[in-house]
Amino acid sequence: MDFEIFYGLNGVHFDKSKIASIDGLNGELIYRGYDIRELAIDATFEEVVYLLWYAELPKKAELEKFTADLRSRYKIPEGVIKVLRELPKDTHPMHAIRTGISALASFDKQADDLEMDNIHRIGSKLVAQFPAIVAAFYRIREGKEIIEPDETLSIAANFLYMFNGEKPSQAATHVMDTALILHAEHGSNASAFVCRATASSLTDVYSAVTAAMASLKGKLHGGANTAVMKALEEISSVAGVEDYVLKTLSMPGGRVMGFGHRVYKVLDPRAVILKKVSHNLAEESGDSKWFEMSVEMERVMDLEMDKKGKQIKPNVDFYSASVYRMLGFPGDMYTPIFAVARISGWMAHLYEQYANNRLMRPRLVYEGQRGLKFKAVSER
Ligand code: SDX
């Protein structure tokens, strides 16, 4: 019997959803009906989290209540900090933070309760505590004092504060809000799919989110922003970009990180916004090197892909690399920052999955041998 195989599940729709819609041909992304191009500039991350979870923008009183609840959950258990302190200082940040997230389950007596109110409680805890776990690991690794969260600050501002040890400017906070909003949600990307597939066995939220963290780490997905900065640092000047791209493309299966997308066949709308943010930061900071190298890489890729008749454009990870660099983050912390945002999208998907669940169990077409007879080891 012939079966059609969908490698990488390309083009497969496994459920219905009301969270986000991606128009890959027109380069559009909407969260619950709102265009990302408006949300990214005009909203705060907390408003977008509320929108993703409750399908409407919060009114003033709703936003105040939601924000107060999140802020009351900022602090992480001392036991989780102890776990992070025990890890080797050179642990890959995504291993460390995935471990910290997983450890949170051990400090939550209702970790395994799948009643929807409890799932929302855990979701709020995770959105509130991811920033503290990322910042805590970074400060432990650098031999710096851990900064306690400040409940008077927004998620974006508090994250910058806990990471750098100083209260951020309004401008830096707004850039962080924009970056978190742009990275919050993106339909059934690999980590969101893994999150839903894991939850479909009716395991708990922490287990499903730990699985999503594991998937996000990969360089074909959330790990790409770190890979982009690694490449830019390796190239180190605008003059070196063209050779790097040509060399990479000449290798069999060579991929230039930060380019291409399974769904977008034109420029990722998030990359359009992040390019502008990167340009503004470059002008304000006077350090335009990373932005200029990124623009050069985009130019060379456009030229080379035109020659091949392909549309391989920058994705969300490409310009986020230079933005995070100019915000002062080290390159290996970019994927953890992606997770600080994407936990909100993963939770929106978990609310949908747990509310209308069926175990996910696809098939494989068996092409192995049949009819073989067992022989004792002495006869083999
Ligand atoms: C994210 O899915 C999401 O929504 C993810 C995300 C989200 O918000 O959750 O948007 C975030 O993960 C963005 C993607 C980050 N990854 C990278 O930047 C890694 C580099 N990109 C590629 O590996 C690739 O583009 C993928 C993985 C993103 C998409 O891969 P596909 O859809 O499986 O496409 P493919 O690898 O089969 O490539 C199709 C063709 C190939 O040419 P042929 O072999 O058919 O001749 O396009 C070419 C590839 O050579 N191609 C590239 C390329 N990406 C695709 N060529 C050079 N460099 C690239 N980056």
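Colleague: Are Phe-159 and Phe-329 buried or exposed?

Modeller: This is a predicted model, where local features need pLDDT of at least 70, side-chain atom pairs count only at pLDDT 80 or more, and totals for chains, interfaces and linings use all residues. Residues are numbered from 1 along each chain as its sequence is written, and side-chain values use heavy atoms, leaving out hydrogens and water. A residue is buried under 20% relative accessible area, exposed over 50% and partly exposed in between (1.4 Å probe, protein chains only). On that scale, Phe-159 and Phe-329 are both buried.

Colleague: How many aromatic pairs are there?

Modeller: Rings of Phe, Tyr and Trp (its six-membered ring) pair if their centres lie within 6.5 Å; planes under 30 degrees apart count as stacked, over 60 as edge-to-face and the rest as tilted. By this rule the count of aromatic pairs is 15.

Colleague: What kind of pair do Phe-159 and Phe-329 make?

Modeller: Phe-159 belongs to helix H7, while Phe-329 sits in the loop between helix H15 (316-326) and helix H16 (334-355), 170 residues apart. Helices here are DSSP runs of H or I with at least four residues, strands are runs of E with at least two, and both are numbered from the N terminus. The ring centres of Phe-159 and Phe-329 are 5.7 Å apart with planes at 20°, so the pair is stacked.

Colleague: Which residue forms an edge-to-face pair with Phe-329?

Modeller: In this pair the centres are 6.2 Å apart and the planes stand at 90°.

Colleague: Which helices do the buried residues of H3 pack against?

Modeller: Those buried residues are Phe-66, Thr-67, Leu-70 and Arg-71. Seen down the axis of H3, they fall within an arc of 130° (taken from the directions from the axis to the C-beta atoms), so they line one face of the helix. On the other side of H3, Ala-61 and Lys-65 are exposed. Contact meaning heavy atoms within 4.5 Å, the buried residues pack against H2 (45-54), H6 (116-141) and H7 (155-164).

Colleague: Which residue stands opposite Ile-22?

Modeller: Two strands pair if DSSP finds at least two bridges between them, and S1 and S2 (residues 28-31) pair in the antiparallel sense over four. They belong to an open sheet of three strands in the order S1-S2-S3. In S2, the residue opposite Ile-22 is Leu-29.
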